[in-house]
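Reader: I want to learn how to read ring pairs and helix packing in a model. Where do we start?

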Amino acid sequence: ITLEYLNPLKMISLPSGFQDTISDFSSAFRKDVWPKVQLLLTGAIICPGSRTICNLLRSVGLRWEKNFPKFHRVLSHDKWSAYRLSGVLLGLTINRFVPKGECLVFGLDDTIERRWGPKISKRGIYRDPVRSSKSHFVKCSGLRWLSLMVLAHLPWLRPGVCWALPVLTVLCPSERFYTAQGRPVKKLTDWAAQVLSWLGRKCAGLERPVYLTGDGSFATFELFARAQQVGVGMIARMKLNSRLYHLPPKHYPAGKRGPRPPVGKRLLGMGKRVADKRTKWRKVVFSEWYGRTDKEMMITSGVAIWRESNKMLIKVKWVLVKDPEGKLEPALLGCTDFGLADEKVVTFLVRRWRVEVTFEEVRRHLGVETQRQWSDLAIDRTTPCLMTLFSIVCLWADKLNIRQPLQPNASAWYQKKHITFSGALAAVRLEILRKTKFSISDGKTHMESYSDKIRHLRFLLTQAVA
């Protein structure tokens with residue numbers, strides 16, 4: 001079964017080079033479902049508007065397909081595993097973008113997909129991270145997604161710049177959903193622990209150092225302990241008032257009764273340590289610092305025990321960072337890998353800001369928050385597919401870059417100097433349109449075939465303008 005079976009007019013289809021890149025995904029689908037998946041994937045790439053199934057069918061020339069419900073069933077009824085596909089995508093991105101011998105760095109963060117509707121049972125009311133500020137609190141209704149992304153340097157980017165490539169995205173239902181079903185509430189950190197375990201299993205045989213970076217919401221005892229169990233280095237931003245203690249003394253006084261203390265004396269508070277003249281600082285210049293270059297920072301570090309009680313003890317490496325210019329607030333970073341260099345701890349965490357950029361790109365260019373599925377299974381599948389579409393576009397763009405270096409998608413009023421995701425997406429779309437076989441049935445003349453081509457291209461342009 002090929003795409004020609006589903007699309008008799010052969011209007012839009014994937015080039016053979018792109019099909020080879022994603023051929024590993026075919027093992028997760030039945031033979032009659034895989035052609036539909038390729039067709040929907042093609043439509044999601046070239047579709048200029050919202051990513052509904054109907055718009056995808058219009059984009060590939062199937063606007064008159066009478067049996068269109070079979071494409072809806074790909075998301076709502078057909079049996080296939082998104083977790084299995086995530087494992088395949090993880091292997092593809094690592095093999096293509098992370099050279100052998102280098103560390104694997106991942107970013108973990110959550111985002112809110114703004115959705116309304118009484119049929120969406122897993123939605124909740126959350127703080128809007130985009131519109132809220134310290135003095136202004138905004139709430140929104142939507143779905144919370146937790147996304148794991150590979151932080152990698154792509155070949156066509158300038159040195160020192162990395163992109164965040166989504167490989168696994170899971171839905172975290174609201175507290176109201178669990179209460180309505182009479183089930184224990186599963187917090188965001190519980191989902192993060194499952195993602196961490198999944199990452200440890202998938203990377204166990206790669207024989208590479210693996211690090212996972214997160215913001216302050218993931219700096220918990222449970223996640224740090226789970227990271228040490230699965231062999232993943234956890235790096236997260238901790239609070240300045242965290243309860244850190246010296247390591248217990250190696251030599252215990254002979255003859256002293258009682259149990260040995262699990263920790264030593266408490267460390268000087270990090271807020272006080274910043275202003276303490278006895279603190280020994282080192283100057284480090286970072287080539288990339290949240291969009292800036294050659295940023296000079298002062299760092300100091302040590303190994304301590306992070307303690308909440310006698311039962312909650314985690315040995316961590318802490319790194320304190322401050323701005324010599326005084327423009328940025330000091331930050332305390334925690335890491336479960338004691339042998340990792342201080343500069344690497346800071347550099348890996350700085351890479352994490354690209355996760356927020358990816359969230360914005362998938363909303364702007366790939367139609368996240370424009371889909372209109374209502375069944376639970378379709379909702380669980382649609383957004384992860386659109387998120388991973390970012391990584392698939394990068395894989396295809398890399399294949400084009402090998403053949404001919406990608407050029408910035410510049411214009412007369414916007415002279416781009418570097419490749420952006422919109423430029424990579426435009427190159428992939430252009431390649432699909434170039435390689436498309438616009439042949440039709442033998443019953444039509446050449447003049448009619450050209451009219452069909454022009455009519456469909458005019459339709460795509462009209463959709464883009466609208």
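Author: Start with the rings. Ring pairs join Phe-97, Trp-156, Trp-163, Phe-390 and Phe-421 into a cluster. Keep in mind that this is a predicted model.

Reader: How many aromatic pairs does a search of the whole structure find?

Author: The search gives 14 aromatic pairs.

Reader: Which elements hold Trp-163 and Phe-421?

Author: Trp-163 is in strand β4 (residues 163–172), and Phe-421 is in helix α14. The two are 258 residues apart, so the pair links distant parts of the chain.

Reader: Are Trp-163 and Phe-421 buried or exposed?

Author: Both Trp-163 and Phe-421 are buried.

Reader: Give me another pair. What is the geometry of Phe-224 and Trp-306?

Author: Their ring centres lie 5.5 Å apart, with the planes at 75°, so Phe-224 and Trp-306 are edge-to-face. Phe-224 belongs to helix α9 (residues 221–230) and Trp-306 to strand β9 (residues 292–307). The pair therefore ties together parts that are 82 residues apart in sequence.

Reader: What makes Phe-224 and Trp-306 count as buried?

Author: Look at relative accessible area. Buried means under 20%. Phe-224 has 0%, so Phe-224 is buried. Trp-306 has 8% relative accessibility and therefore counts as buried.

Reader: Now helices. How are two packed helices described?

Author: By the angle between their axes and the distance between the axes. Take helix α5 (residues 69–76) and helix α13 (residues 376–403): their axes come within 7 Å and cross at roughly 80°. Angles of 65 to 115 degrees count as roughly perpendicular. α5 and α13 are therefore roughly perpendicular to each other.

Reader: Which residues make the contact?

Author: From α5 come Val-74, Leu-75 and Ser-76. From α13 come Leu-377, Ala-378, Arg-381 and Thr-382. By class, the contact of α5 with α13 has four nonpolar, two polar and one charged residues.

Reader: One last case. What does the side chain of Ser-422 make a polar contact with?

Author: With the side chain of Lys-416, at 3.0 Å. Ser-422 sits in helix α14 (residues 421–435). Leaving aside neighbours within four places in sequence, Ser-422 is in contact with His-365, Asn-409 and Lys-416.

Note on methods. Residues are numbered from 1 along each chain as its sequence is written. This is a predicted model: local features need pLDDT of at least 70, side-chain atom pairs count only at pLDDT 80 or more; totals for chains, interfaces and linings use all residues. Side-chain values use heavy atoms; hydrogens and water are left out. Axes are lines fitted to C-alpha atoms, for helices over the stretch in contact, and angles run from 0 to 180 degrees between N-to-C directions. Helices (H or I, at least four residues) and strands (E, at least two) are DSSP runs, numbered from the N terminus. Angles under 35 degrees count as roughly parallel, over 145 as roughly antiparallel, 65 to 115 as roughly perpendicular and the rest as oblique. Contact means heavy atoms within 4.5 Å. Ala, Val, Leu, Ile, Met, Phe, Trp, Tyr, Cys and Pro count as nonpolar, Asp, Glu, Lys and Arg as charged, and the others, Gly among them, as polar. A polar contact is a pair of N or O atoms within 3.5 Å; within protein, one must be able to donate a hydrogen and the other to accept it, and residues adjacent in sequence count only if both atoms are side-chain atoms. Rings of Phe, Tyr and Trp (its six-membered ring) pair if their centres lie within 6.5 Å; planes under 30 degrees apart count as stacked, over 60 as edge-to-face and the rest as tilted. Buried means under 20% relative accessible area, exposed over 50%, partly exposed in between (1.4 Å probe, protein chains only).
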